[in-house]
Amino acid sequence: MKRTTLTILSLFIFLASCSDKLEKTKPIREQITESVYASGVVKSKNQYKVFSLANGLIDKILVSEGDLVKKGDVLIRLVNTSTELNTENAKLSADYAAVAANSEKLDELKISIEMARIRWKTIIYCTKNKRTFGPSELVHKMN
């Protein structure tokens, strides 16, 4: 019984919502009383936007108005001193870092050079005097 009542009630609500009451409007001929304003951009069919891959000031314009250009053609030459200065600063920083990182190796090489110089002087001294010396005597004689 409950099911039948529920079904009839649902059917009644469905049929009531499907009535033929439509809102109708008829046009009326009158004077225009409102205006619509809008903004926009008018572009020609062959208009293109050009963008630079780098920042800078224009140094030289390499084409004239009306010239035919292709993709990849250079149109202007830019001057950008900040890029050059950044590159130079990066090189200086890299050079400084290389010297700082290798200072220990440079010190070791200086010691090796000095020891080679002492050995060379020893060989020359021994050759001139045609004599062999012990290590303690040689140091004493060279000084």
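Which of the elements of the chain has the lowest mean pLDDT, and which the highest? I start there since what I am showing is a predicted model, in which local features need pLDDT of at least 70 and side-chain atom pairs count only at pLDDT 80 or more, while totals for chains, interfaces and linings use all residues. Residues are numbered from 1 along each chain as its sequence is written, and side-chain values use heavy atoms, with hydrogens and water left out.

With pLDDT being the predictor's confidence in each residue, from 0 to 100, the lowest mean among the elements, 52, belongs to helix 4 (residues 135-142), and the highest, 87, to strand 1 (residues 57-61). For the chain, the mean pLDDT is 78, and 85% of the residues reach 70 or more.

The chain has four helices and two strands, in the order α-β-β-α-α-α from the N terminus; these are DSSP runs numbered from the N terminus, helices being H or I with at least four residues and strands E with at least two. Of the 143 residues, 3% are buried, where buried means under 20% relative accessible area, exposed over 50%, and partly exposed in between, with a 1.4 Å probe and protein chains only.

Let me turn to helix 3. Thr122 lies in this helix, residues 103-129, and counts as buried because its relative accessible area is 16%. A polar atom of the Thr122 side chain lies 2.7 Å from the backbone oxygen of Ile118.

Side chains of opposite charge can pair when their charged atoms come close. Arg117 is partly exposed, because its relative accessible area is 39%, and Glu114 is likewise partly exposed, at 37%.

Definitions and conventions
Polar contact = N/O pair within 3.5 Å; in protein donor to acceptor, adjacent residues only side chain to side chain.
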